[in-house]
Amino acid sequence: MSIIAQHGDVFIILACLFGFFMAWGVGANDVANAMGTSVGSKAITIKQAIIIAVIFEFLGAWLAGGEVTNTIRKGIIDPELLKDDPQLLVYGMLAALLAAATWLLVASMKGWPVSTTHSIVGAIVGFAVAGLGAGAVDWGAVGTIAASWVVSPLLAGTIAFTLFKSVQHLIFEAQDPFAAAKRYVPMYIFLVGFAVTMVTLTKGLKHVGLDLGFGASLLLALLAGLVIAALGVVMERRVKASSRQADQFGFSGVERVFGVLMIFTACAMAFAHGSNDVANAVGPLAAVISVVQTGGEIGGAALVPWWVLVLGGGGIVVGLVTYGHKVIATVGTGITELTPSRGFAATLAAAVTVVLASGTGLPVSTTQTLVGAVLGVGLARGMAALNLRVIGTIAMSWLITLPAGAGLAILFFFTFKGMFG
């Protein structure tokens with residue numbers, strides 16, 4: 001009797017536990033990043049951020065999380081090499097989940113915004129090199145993922161820089177900034193609704209049985225953008241202009257209009273984050289379930305079971321509620337001083353970048369994307385606006401993440417091999 005048939009139930013239970021622990025880490029560390037700009041710019045309170053994240057992270061994970069999950073599960077290791085002893089894949093994925101989750105726990109306690117994507121990719125590479133040799137890793141796929149770590153902060157930073165410059169030009173330099181804000185902000189709200197809906201429809205909904213063509217998706221996305229913009233107009237009508245003296249930014253009414261917009265971008269960011277980063281927790285978990293259920297077959301394109309995405313979404317929510325506040329503080333106030341208009345530019349840029357990456361199946365780092373976007377907004381105001389010491393610490397924690405994930409995974413891999421082997 002094979003090891004997989006003998007211990008199948010134990011493997012699935014362990015995978016669910018470790019997958020939940022990993023999702024908890026994603027919630028504690030990464031969701032906090034996603035909400036940091038909104039809380040840091042005082043557009044929403046911590047309590048509101050948690051409520052938004054709970055709803056939209058879960059929806060993003062469940063509705064649009066399928067595509068990236070496949071990359072994490074099958075893209076990094078060559079499945080052919082595991083055909084003879086599939087239990088190695090089970091040990092490896094369990095080790096990868098536990099290793100990445102452990103590192104996230106350490107980073108969250110320190111308040112470091114590290115990348116959950118780096119953690120899990122590093123862990124999977126570590127187990128593959130230890131268990132199968134360096135030849136087992138698809139270094140081309142790893143190279144593509146590594147390139148996205150450079151491309152995504154640059155892309156997000158560029159979009160954020162451009163967005164913030166457009167806001168400065170159209171609104172803050174206008175004769176009547178408050179009137180200009182009321183005129184142009186609905187356009188930005190439309191952009192948020194359109195971008196997120198478009199990518200969700202074109203890429204995300206296959207596993208819930210909705211596979212629309214490009215034309216239908218475009219129409220629906222335009223409609224969703226218009227509906228969300230109309231909702232924004234209703235909300236911003238309640239905002240009244242206030243005198244300049246009373247306000248530290250000098251544009252109180254304008255910043256309050258952007259406060260309305262930040263609520264939409266916070267929802268978009270939470271959705272984008274759930275769609276991309278749930279894969280880090282459930283990709284390896286889905287791989288274990290697929291191997292056990294097929295009795296050791298590897299490489300079949302098994303769809304991620306719906307309850308696995310629900311488990312991942314649930315873990316993310318618990319992590320945010322219990323431990324998210326530490327990293328929120330680092331991102332929200334540490335890098336540069338944020339106002340609602342600056343926070344909006346950063347969050348929208350990051351959400352668009354993540355949603356695009358999620359649509360193409362590239363597991364980018366939400367953390368790096370968002371930090372890149374916040375840097376872009378800071379740079380739009382000059383170098384003096386950035387806190388270089390905090391940025392240095394963040395960069396250092398990013399560099400440690402890959403080797404930490406890989407090292408822990410190797411340790412746990414041999415532990416499981418010893419226990420069950």
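This is a predicted model: local features need pLDDT of at least 70, side-chain atom pairs count only at pLDDT 80 or more; totals for chains, interfaces and linings use all residues.
View 1. Which helix gives the most?

**View 2. Helix H4 is largely enclosed by the rest of the structure.** Follow H4 from residue 87 to residue 110 and you pass along 24 residues. From the first C-alpha to the last, H4 reaches 35 Å, close to the 34 Å expected at 1.5 Å a residue. Of the 24 residues, 19 are buried, so H4 is largely enclosed. Just after the helix comes Gly111, with a positive phi of about 80°.

**View 3. Helix H5 is mostly covered and has a cap at its N-terminal end.** H5 runs through residues 116-132, and its 17 residues should span 24 Å at 1.5 Å a residue; the end C-alpha atoms are 24 Å apart, so the two values agree. Within H5, 13 of the 17 residues are buried. What caps the N-terminal end? Look for Ser115, where a side-chain oxygen lies 2.9 Å from the backbone nitrogen of His118. Just after H5, Gly133 takes a positive phi of about 95°.

**View 4. Aromatic rings pair up in this model.** The count comes to 9 aromatic pairs. In one of them, the ring centres of Trp24 and Tyr323 are 5.8 Å apart and the planes meet at 50°, so the pair is tilted. This pair links distant parts of the chain, with Trp24 in helix H1 (residues 3-40) and Tyr323 in helix H10, 299 residues apart. Trp24 is buried, with a relative accessible area of 13%, whereas Tyr323 is partly exposed at 25%. Another pair, Phe413 and Phe414, is edge-to-face, with 5.4 Å from centre to centre and 65° between the planes. Phe413 is buried, at 0% relative accessibility, while Phe414 is partly exposed, with a relative accessible area of 45%. Back at Trp24 and Tyr323, ring pairs link these two residues with Phe21 into a cluster.

Note on methods:
Residues are numbered from 1 along each chain as its sequence is written. Side-chain values use heavy atoms; hydrogens and water are left out. Helices (H or I, at least four residues) and strands (E, at least two) are DSSP runs, numbered from the N terminus. The expected span of a helix is 1.5 Å times one less than its number of residues. Buried means under 20% relative accessible area, exposed over 50%, partly exposed in between (1.4 Å probe, protein chains only). A polar contact is a pair of N or O atoms within 3.5 Å; within protein, one must be able to donate a hydrogen and the other to accept it, and residues adjacent in sequence count only if both atoms are side-chain atoms. Rings of Phe, Tyr and Trp (its six-membered ring) pair if their centres lie within 6.5 Å; planes under 30 degrees apart count as stacked, over 60 as edge-to-face and the rest as tilted.
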